[in-house]
Amino acid sequence: VKQIVIVGSGLAGYTLAREFRKLDSSSSLTLITTDDGSFYSKPMLSNALAKNKSAADLPSATAEKMAQDLDARIITHTHVEHIDAKAHHVVTAQETLTYDKLVLALGAQPILLPIEGDAAQNMLTVNDLDDYARFRQAIESVEHVAIIGPGLIGCEFANDLCSAGYKVSVIGPDEMPLGRLLPTEVGTRVKQALQQQGVDWYLETVVQRIDTQQNERLRLTLANGESVITDVVLSAIGLRPNTVLATTASLRVERGIVVDQHLTTSDADIYALGDCAEVAGLVLPYVMPIMQAARALAKTLAGEATKVRYPAMPVVVKTPAMPLVVSPPAPNVKGEWRIEASETGVRARYLDSNDALLGFVLAGDAVQEKQSLSKSLPAVLD
Ligand SMILES: Cc1cc2nc3c(=O)[nH]c(=O)nc-3n(C[C@H](O)[C@H](O)[C@H](O)COP(=O)(O)OP(=O)(O)OC[C@H]3O[C@@H](n4cnc5c(N)ncnc54)[C@H](O)[C@@H]3O)c2cc1C
């Protein structure tokens with residue numbers, strides 16, 4: 001009987017455990033997590049207000065229920081401090097566990113900008129249920145939320161907060177919201193649509209200071225000289241893979257924990273997947289790549305070595321003010337945007353010189369073309 005230990009009980013850890021149990025019901029399976037181990041869908045954090053769900057409503061199963069369903073031991077509220085790869089040991093404050101195969105599903109940390117001011121430490125981030133509970137408490141009886149970061153997560157929160165009646169300001173250095181994912185024409189539409197919902201944009205500038213004002217309000221001082229008075233500041237500028245634990249095991253780390261297409265780290269008995277992993281050079285912090293990786297790794301752990309393959313994986317952006325589906329071209333490919341716009345939507349295709357489709361962005365009613373266009377996209381990892 002093999003002993004499998006998974007560190008992390010997010011979508012990556014739990015999806016892997018579930019897929020593995022479909023193939024192997026006899027190996028011992030242990031999951032360790034710093035949180036309470038309840039199962040929830042993280043993407044719901046940025047549209048829970050519109051769905052009228054509180055932090056407590058989001059989990060669909062407790063750790064006890066997951067342990068039962070998965071026939072696994074789930075160790076909650078426990079931080080793995082160290083891995084001894086040679087001895088095959090995982091060390092927590094309470095115990096040392098032995099593994100045959102270890103999986104790191106550690107997720108990522110929100111990046112925080114070094115901002116000045118006496119209230120800079122009041123900045124909130126939302127990357128898990130506990131963060132979300134704190135955020136909901138902070139916005140309970142206030143009017144205005146400022147969001148730092150006009151990217152995917154920032155825009156989703158902006159839309160969600162507007163739909164719940166909050167005043168929202170979004171600040172960031174980009175020229176357009178979702179600037180790194182969209183051609184300008186589509187960015188303009190998203191900007192206008194969210195503006196109509198009530199978003200005030202402060203683009204092409206950054207926050208320099210956050211200071212307390214009277215009445216418990218906060219003043220953001222921007223690099224362009226403007227200021228924004230708000231009640232709550234939410235930072236959403238991106239994530240950095242959790243790699244510290246991998247470093248303690250002397251595993252190879254670059255942007256994320258480096259793994260090959262078998263999800264194997266530089267140690268043959270340690271694997272990694274999800275937001276913490278850099279899979280064949282790709283850091284893709286989304287649900288679809290996690291599903292693909294979990295299925296492949298489950299097979300490998302059950303004895304059938306299997307490479308992860310990524311088909312095209314368009315991301316649905318949860319901005320109902322302007323529905324969006326994005327499948328950005330790979331960074332190393334050459335092509336041009338061809339954009340067809342109507343009153344009600346935009347279809348932007350990124351085509352190479354032979355008119356082969358390399359990426360797309362669909363906005364408004366064009367999102368219905370997601371399936372048909374996805375079929376023509378090249379695989380992300382074959
Ligand atoms: C607001 C928001 C909205 C999103 N919306 C979408 C979307 O619409 N579509 C999409 O595709 N993706 C979306 N994403 C991204 C997606 O949710 C993530 O890619 C995914 O949930 C990551 O799962 P994970 O298991 O890799 O990491 P996590 O869920 O972060 O899990 C990490 C786990 O590791 C544990 N851990 C870490 N270090 C240790 C340690 N040392 N010891 C013990 N345990 C440890 C943590 O406790 C946790 O259990 C969204 C993300 C956010 C934040």
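This is a predicted model: local features need pLDDT of at least 70, side-chain atom pairs count only at pLDDT 80 or more; totals for chains, interfaces and linings use all residues.
Residues are numbered from 1 along each chain as its sequence is written, and side-chain values use heavy atoms, with hydrogens and water left out.

The secondary structure of the chain comprises eight helices and 24 strands, where helices (H or I, at least four residues) and strands (E, at least two) are DSSP runs numbered from the N terminus. The chain has a radius of gyration of 22 Å, which agrees with the value near 21 Å that a compact globule of 382 residues would have; this radius is taken over C-alpha atoms, and the globule rule is 2.2 Å times the number of residues to the power 0.38. Along the principal axes, the C-alpha atoms fill a box of roughly 60 × 60 × 35 Å.

A search of the whole structure finds two cavities of 30 Å³ or more. On a 1 Å grid over the protein atoms alone, a cavity is a set of points where a 1.4 Å probe fits but cannot get out, and lining residues have an atom within 4 Å of a point; grid points are joined across faces, edges and corners, and a volume is the space filled by probe spheres set on the points. The largest cavity holds about 70 Å³ of space, and its lining includes Gly274, Leu282 and Tyr310. Elements that give two or more residues to this lining are β19 (277–279) and α7, and α7 provides the largest share, three residues. The lining of the largest cavity divides into nine nonpolar residues, one polar and no charged, with Ala, Val, Leu, Ile, Met, Phe, Trp, Tyr, Cys and Pro counted as nonpolar, Asp, Glu, Lys and Arg as charged, and the others, Gly among them, as polar.

The second largest cavity has about 60 Å³ of space and is lined by Asp35, Asp36, Gly37, Ser38, Tyr40, Asp128, Leu129 and Asp130. In this second lining, two residues are nonpolar, two are polar and four are charged.

Around the ligand there are 33 residues, of which Thr34, Val80, Asp275, Val287 and Lys318 come nearest; a residue is near a molecule if one of its heavy atoms lies within 4 Å of it. Polar contacts, defined as pairs of N or O atoms within 3.5 Å (within protein, one must be able to donate a hydrogen and the other to accept it, and residues adjacent in sequence count only if both atoms are side-chain atoms), include one in which a polar side-chain atom of Thr34 lies 2.6 Å from an oxygen atom of the ligand. A backbone N or O atom of Ala12 lies 2.8 Å from a ligand oxygen atom, and a polar backbone atom of Leu106 is 3.5 Å from an oxygen atom of the ligand. By class, the shell around the ligand has 17 nonpolar, 11 polar and five charged residues, and α4 gives the most to this shell, with three residues.

How values were computed
On a 1 Å grid over the protein atoms alone, a cavity is a set of points where a 1.4 Å probe fits but cannot get out, and a pocket is an open set with protein on both sides within 12 Å along at least five of seven lines; lining residues have an atom within 4 Å of a point.
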